[in-house]
Amino acid sequence: GPNLAKEMHVGHLRSTIIGDALARVLDFLGHRVIRQNHVGDWGTQFGMLAYYAFSLIDPAAHHVFSREEEQMNLSNFSIQDMEKFYIKAKQLYDSNPEFAAKSRQVLVELQSGKSRLPKLLWKEVRDQSLEHCERIYRRMGVLLTRDDVRGESAYNDDLPEVVADLDKVGLLTESQGARGVYLDEFTNKDNERAFVIVQKSDGGYLYATTDLAALRYRAVELKADRILYVTDSRQAQHFAMVFTVARKAGFVSEKVSLEHVPFGMMLGPGRTPFKTREGGTVKLMDLLAEAVTRAHSLVDEKNPDLPDGQKERIAEVVGIGAVKYADLSQNRASDYVFSWDKMLSLEGNTAPYMQYAYARIRSIFRKGESTDYTDYTDSSEIVLDHAAERKLAIKLLQFPETIGAVAAECLPNVLCGYLYELAGAFMGFYENCPVLQAGTDALRASRLALCELTARTIRRGLDLLGIETIERM
């Protein structure tokens, strides 16, 4: 759920790829998975952006804009232009009380359907932002499409009903002009009962209101029996309180599992916030581009004689895979320090190591002048006389229970750990058990079958993490 009207940044990486991996795993296990990309297309930033746009179109609307800004052309603007507008609008929102008050008024008008905001402007901002998101999703290999988008705006008409229905069941209370629900189960910093505001004193709605409407839609309309919210850990109490209100109000039955899937932060050197050298926010597209560039240098160093097209393909797969695997291999609840050297290493629990292990297995078949891998798994009797063969076979048999654990606990790092152990078991097998030079044809076929099963499992496991494999590295 990225906020629209600005570019995706590194803060969107974890929710995107963790959510995608969990959806892939659950889908693989046979569940009907409904992806819901809950984009921020109706919140405070649109109030600010809309009022800023009004001021550019109508200079009389506000007195703080320069002549250059008044003459800016709002047609044919890009996502980068929108971000510039957003930055300027945010600066004004924080520094100019009149602008902030007008922006909040515009947001209330937006939510009530009475806004002067040209529909074409809102649609253009939304479409440009979503196209930007989709470009990143495609490059990352994330299975989110426009059909999966159901943003905050989709629930706008339901917000008054949420408030009215909370009132009907006796949960709604007014406090200092705002309306909300008191919860005995939670306390604030002053040790007072928590108050979940669903309507502000000016009539506007909050995230909690939208989240309640979304919860009811997912439980009642989509008939979901398990709902996973993949967001950062700082939102844990928010969702705990929203889930509690939804249960009390009868919006969601006790049979529906509501699960917050929290994750920690991606940090820079010294465990500081991950920033550019200038101290700005790192754009996600820039991060991916740098990963591919660094991977290309690695390919150049290791295999300088490869054709350029093949180098580019390997660099794309390895670079994007390295970024994703470095994140997914961490326990999602923990913060982790981003390191280019570690994530692109061919040693250790990294994507390049796993991708290289897969490519190395495929090279065995090429050396044996065989590419029909299924011949061995379909017809060969597998012999497990050597301890290394048995260890590899046992590890292969643990794949189903590993996938089950990932689905139950929402922990992609469990799958990463398994794949790393599988690759290690294979290396032990390969070092101790000659494959192409096995003593008999039957033993050779058996060991080729183990090679194929290992390659197939690595490929499947990486695919469930949203990471590609390549036949040669």
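Okay, let me start with Arg179, which at 29% relative accessibility counts as partly exposed. For the cut-offs, buried is under 20% relative accessible area, exposed is over 50%, and partly exposed lies in between, using a 1.4 Å probe and protein chains only. Asp167 is also partly exposed, at 42%.

Quick housekeeping: what you have up there is a predicted model, where local features need pLDDT of at least 70, side-chain atom pairs count only at pLDDT 80 or more, and totals for chains, interfaces and linings use all residues. Residues are numbered from 1 along each chain as its sequence is written, and side-chain values use heavy atoms, with hydrogens and water left out.

Back to our pair. Asp167 and Arg179 form a salt bridge, with the closest N and O atoms 4.0 Å apart; the rule is a side-chain nitrogen of Lys or Arg within 4 Å of a carboxyl oxygen of Asp or Glu. This one links distant parts of the chain, 12 residues apart: Asp167 sits in helix α7 (residues 159-168) and Arg179 in strand β2 (residues 178-187). Helices here are DSSP runs of H or I with at least four residues, strands are runs of E with at least two, and both are numbered from the N terminus.

Take Asp327 with Arg14, where the closest N and O atoms come to 2.9 Å. Buried or exposed? Asp327 is buried at 0%, and Arg14 is buried too, at 2%.

Now look at Asp232 and Arg234, a salt bridge at 3.0 Å. Asp232 is buried at 16%, whereas Arg234 is exposed at 67%. There is also a network: Asp20, Arg24, Arg460 and Asp463 are joined by salt bridges that share partners.

Last stop, a helix pair. Helix α15 (residues 387-397) packs on helix α18 (residues 441-464) at about 35°, axes 11 Å apart; axes are lines fitted to C-alpha atoms over the stretch in contact, and angles run from 0 to 180 degrees between N-to-C directions. From α15, the contact (heavy atoms within 4.5 Å) takes in Glu389, Leu392 and Leu396, and from α18 Leu443, Arg447, Leu450, Leu453, Thr454 and Thr457.
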